[in-house]
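Student: I would like to learn how to read helix packing and backbone features in a model. Please take me through one.

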Amino acid sequence: MPAGKRRVAPYTIVYFPVRGRCEAMRMLLADQGQTWTEEVVTKDAWLQGPLKASCLYGQLPKFQDGDLTLYQSNAILRHLGRSLGLYGKDERQAALVDVVNDGVEDLRCKYVMLIYTNYEAGKADYVKALPGQLKPFETLLSQNQGGQAFIVGDQISFADYNLLDLLLNHQVLAPGCLDAFPLLSAYVARLSARPKLKAFLASPEHVNRPINGNGKQ
């Protein structure tokens, strides 16, 4: 539903003061001209226990869309995809969007494991293996309008925002990691230049928010 027709309270993101698993949904909302509020949860507040106990899986993010409460970051992205028309133009494209997003989740889990459990010892091997992890996304782009559009079809999807966030994070981890992937490099530049998204990526809210909770990136 377009922003002007929303009569319920704006979206609310309840999360730690990091980009983490919420920056993709923030980029999506910003690019789509949506407003949302942030309820920032400090580590101390989380460790006190009541909020954690109230969350369905004992995890954040928690997302409010009016009176609808959602958990699980990918479920939130899919909900926004359905409600804002960011899930492909038909069921065939929706299935392909899911393929992309599941691939993004696989790589994100490997990234999170590195950051939080094995950064110093594992970074070199992770970066060495990274081209093999990125190649499927280059292949997907090449199969869609010569890589000149989005990851699926000719309109942006929630998976584009999730993939963009992951690629931006990896450019911080391993500068130059996209040099061997011209379509992905151009894709990141093209999406990042979308006016509302460009403004969000330059905003203090984004720039000053750490990528991860332990200071490693």
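Tutor: Start with a contact, which means heavy atoms within 4.5 Å. In this predicted model, Asp160, Leu163, Leu164, Leu167, Leu168 and Gln171 in H7 meet Leu184, Tyr187, Val188, Leu191 and Ser192 in H8. The residues of this H7 with H8 contact divide into eight nonpolar, two polar and one charged. Here Ala, Val, Leu, Ile, Met, Phe, Trp, Tyr, Cys and Pro count as nonpolar, Asp, Glu, Lys and Arg as charged, and the others, Gly among them, as polar.

Student: What should I know about the numbering and the cut-offs?

Tutor: Residues are numbered from 1 along each chain as its sequence is written. Local features need pLDDT of at least 70, side-chain atom pairs count only at pLDDT 80 or more, and totals for chains, interfaces and linings use all residues, while side-chain values use heavy atoms, with hydrogens and water left out. Helices (H or I, at least four residues) and strands (E, at least two) are DSSP runs, numbered from the N terminus.

Student: At what angle do the axes of H7 and H8 cross?

Tutor: Axes are lines fitted to C-alpha atoms, for helices over the stretch in contact, and angles run from 0 to 180 degrees between N-to-C directions. For H7 (residues 158–173) and H8 (residues 182–192), the axes cross at roughly 110 degrees and come within 10 Å. H7 is therefore roughly perpendicular to H8; angles of 65 to 115 degrees count as such, under 35 as roughly parallel, over 145 as roughly antiparallel and the rest as oblique.

Student: How do H1 and H4 pack?

Tutor: Helix H1 (residues 23–31) and H4 pack at an angle of about 15 degrees, their axes 10 Å apart. The two helices are therefore roughly parallel to each other. On the H1 side, Ala24, Met25, Leu28 and Leu29 make the contact, and on the H4 side Ser73, Ile76, Leu77 and Leu80. By class, this H1 with H4 contact has seven nonpolar, one polar and no charged residues.

Student: Which peptide bond is cis?

Tutor: A cis bond joins leucine 60 and proline 61, with omega about 15 degrees. Proline 61 sits in the loop between helix H3 (50–54) and strand S3 (62–65).

Student: Is glutamine 72 positive or negative in phi?

Tutor: Glutamine 72 has a positive phi of about 75 degrees, although it is not a glycine. Its place is the loop between strand S4 (68–71) and helix H4 (73–83). Glutamine 72 is partly exposed, at a relative accessible area of 37% (buried is under 20%, exposed over 50%, partly exposed in between, with a 1.4 Å probe and protein chains only).
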